[in-house]
Amino acid sequence: MQRKLILILSFFIFFLSMNVRAELAFSRNARTFETQRSSLVVKGIAHACLSVTLSPDGLPCNPALTPLNKKPSLGAEILLSNGVSTLKNVRSLVGGNMNEELIETLFSSGQIMQIESNIDINFVSKYINSQYTPLSVKGFSVVRNEANPDIDLYAIEEESFTVQSGYEFFEDFYAGLQIRTAKRKFIRQRFKLIALGTQDGKDLLKPKEQNAVYVEPGLTWFMGGEWKPRVSLFVTNMGHVSEKYE
């Protein structure tokens, strides 16, 4: 009976995660800088991953779980969605290389543009984890109202480095710390397409720059018992940024 219940719960969690992943694939999931770099585990089960002991495609979501890594490993990942041409267009946009052809390509009437790409190098061990991301790019734009096109645009290019460590302070109680640095260029605007032809509209697509250092603590408590329930806490985006924008 217990085995049957576990199988039913596992199937339900898998079905739910697949639905969430499908929805995220067609939505602007980079709503904040904190979610700029999200692994497939995060996309599948969201921040429930804070209590997942091991992440097969990146660092643990909670640095407090670092001591649970038994074997050190080194790996690399490359992700590219929606093609090289879309990636090139978004990088040109964030790089400030605007021209009429690029505007026509990105903001054609009724077109939805999405891109996600990143390169990661990960090191995981029992004592320390680190991740270097030389390039992470996300872009989203949608054009509404054919008569007078209204554009919603989000594009970001980021280089980042993350280091984690954790320790078991008491039995079944873990605490950890994550330090994250980021160097980013981004554009986030909503505007009328006709505004690009005006003097004031020239700055609409001017990329902003920002350097950031975050210090992010985490806790996990394993409560024991047959089901091994656990409680996790993670404080994110606590740190300093070189420039603040609305």
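Ground rules, quickly. The model is predicted, so local features need pLDDT of at least 70 and side-chain atom pairs count only at pLDDT 80 or more, while totals for chains, interfaces and linings use all residues. Residues are numbered from 1 along each chain as its sequence is written, and side-chain values use heavy atoms, with hydrogens and water left out.

Start with the fold. The protein has four helices and eight strands. Helices here are DSSP runs of H or I with at least four residues, strands are runs of E with at least two, and both are numbered from the N terminus. Along the sequence, the pattern reads α-α-β-α-α-β-β-β-β-β-β-β.

Now burial. Buried means under 20% relative accessible area, exposed means over 50%, and partly exposed is in between, with a 1.4 Å probe and protein chains only. Of the 246 residues, 41% count as buried. The protein exposes about 14600 Å², and carbon and sulfur atoms supply 61% of that area. Areas come from the Shrake-Rupley method with a 1.4 Å probe; for residues, only the protein chains shown count as cover.

Contacts next. A contact means heavy atoms within 4.5 Å. Take the contacts with a separation of 6 or more: residues 24 or more positions apart account for 66% of them.

On to charge. Side chains of opposite charge can pair when their charged atoms come close. How many salt bridges does the structure hold? Five. The criterion is a side-chain nitrogen of Lys or Arg within 4 Å of a carboxyl oxygen of Asp or Glu.

Example: E157 with R91. Their closest N and O atoms are 3.1 Å apart. E157 lies in strand β4, residues 150-170, and R91 in helix α3, residues 84-94, so the pair ties together parts 66 residues apart in sequence. E157 is buried at 13% relative accessible area. R91 is partly exposed at 38%.

Next, D150 with R190. The N to O distance is 3.2 Å. D150 is in strand β4 and R190 in strand β5, residues 173-192, so this bridge ties together parts 40 residues apart. Buried or exposed? D150 is buried, at 14%. R190 is exposed, at 56%.

Then E216 with R180. Here N to O is 2.7 Å. E216 sits in strand β6, residues 208-222, and R180 in strand β5; the pair links distant parts of the chain, 36 residues apart. E216 is buried at 0% relative accessibility. R180 is buried too, at 10%.

Back to α3, the helix that carries R91. Its buried residues include T86, L87, N89 and V90. S92, L93 and V94 are also buried. What do the buried residues of α3 pack against? The list is β1 (73-81), α4 (100-106), β2 (112-124), β3 (129-144), β4 and β5. After the helix comes G96, with a positive phi near 85°.

Last stop, the cysteines. A search of the whole structure finds one disulfide, meaning a pair of cysteine sulfur atoms within 2.5 Å. The disulfide joins C49 to C61, with S to S at 2.2 Å. The link is left-handed, with -110° about the S-S bond. Both cysteines lie in the loop between α2 (40-45) and β1, 12 residues apart. C49 is buried at 1% relative accessible area. C61 is buried at 14%.

That's the tour. Thanks.
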